[in-house]
Amino acid sequence: MAQSAWTAFEPFPLVTIPLFVLAGQLMEYGGMSEKLISIAHRLVGAYKGGLGLMTVVACMFFAALSGSGPATTAAIGSITIPAMIEEDYKPRFAGAIADAAGALGSMIPPSNLLIIYALVSDESIPRLFLAGILPGIALGLLLMLVTFIVASRKGYGGVGEGFRWRPLLEALWDGKWAVFAPVLILGGIYTGIFTPSEAAGVGILRPVRLSGTHLDEGV
């Protein structure tokens, strides 16, 4: 039994999972989740169910940073659920949006579940990551559609400013490192610059360097 347990946890790529989770926590503490929410708000905040749509978009971005569904739900939902309740969303509907959107972290790379599946089935982690991109985006768009339909029927949201390019570009520039992080991680894997395990290390290094002020205050 001891030998079987050791063999199960021996593969080095397993270190990728805690590293990506740690990267997500550092990004959340460093303020990247707020920047992602700001970008999502500029994109879809003015539509019916704007806060719900914003939650889905922000979760899709954060899932591409942390690879963890629970971490995504906690980071984004802790901010957006109270805001949705203040706009008279039903609490169960607000929680359901954040929960379902957070689950996108199980599909959108770098998904921890895809890493475990790859190790168990002896498949290629980069290929599974590549296979999860389009389904993850499709699921996110379907969830946004459902959110929009329910919000339109219930009369939730739709009270924000209309879409304008300038505020969006300003939010993108302010959160450029949060948007660039998935490109760095996945781009480095697919171009062969580093392995998934090394990519997780790079994912940690990035928020530590960019959010050093917040981390120093915490220490």
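Author: A residue is called buried when its relative accessible area is under 20%. This model is predicted, and of the 219 residues of the protein, 43% count as buried by that cut-off.

Reader: How many helices and strands does the protein have?

Author: The protein has twelve helices and zero strands. Read from the N terminus on, its elements therefore run α-α-α-α-α-α-α-α-α-α-α-α.

Reader: What share of the contacts in the protein between residues at least 6 apart in sequence joins residues at least 24 apart?

Author: The share is 76%. A contact here requires heavy atoms within 4.5 Å.

Reader: What makes H4 mostly covered?

Author: Buried means under 20% relative accessible area, and 16 of the 17 residues of H4 are buried. After H4 comes Gly-67, with a positive phi near 75 degrees.

Reader: Why are the buried residues of H10 said to line one face of the helix?

Author: In H10 the buried residues are Ala-178, Ala-181, Pro-182, Ile-185, Leu-186, Gly-188 and Ile-189. Seen down the axis of H10, they fall within an arc of 160 degrees, so they line one face of the helix. H10 has 15 residues and reaches 21 Å from its first C-alpha to its last, close to the 21 Å expected. The helix is followed by Gly-192, whose phi is positive, near 80 degrees.

Reader: What volume does the largest pocket have, and which residues are the closest to its centre?

Author: The largest pocket holds about 300 Å³ of space. Of its 13 lining residues, Met-60, Ala-64, Ile-108, Pro-182 and Leu-186 are the closest to its centre.

Reader: Which helix gives the most to the lining of the largest pocket?

Author: H10 gives the most, with five residues. Helices H4 (50-66), H8 (125-154) and H10 (176-190) each supply at least two residues of this lining.

Reader: How do the residues of that lining divide into nonpolar, polar and charged?

Author: Residues such as Ala, Ile, Leu, Met and Pro count as nonpolar. By that rule the lining of the largest pocket has twelve nonpolar residues, one polar and no charged.

Technical notes. Residues numbered from 1 in each chain as written. Predicted model: local features only at pLDDT ≥ 70, side-chain atom pairs only at ≥ 80, totals over all residues. Heavy atoms only, no water. 1 Å grid on protein atoms, 1.4 Å probe; cavity = no way out; pocket = protein on both sides within 12 Å on 5 of 7 lines; lining within 4 Å. Points joined across faces, edges and corners; volume = space filled by probe spheres on them. Helix = DSSP H or I, 4+ residues; strand = E, 2+ residues; numbered from the N terminus. Buried < 20%, exposed > 50% of the residue type's maximum accessible area, 1.4 Å probe, protein only. Expected span 1.5 Å × (residues − 1). Arc of directions from axis to C-beta.
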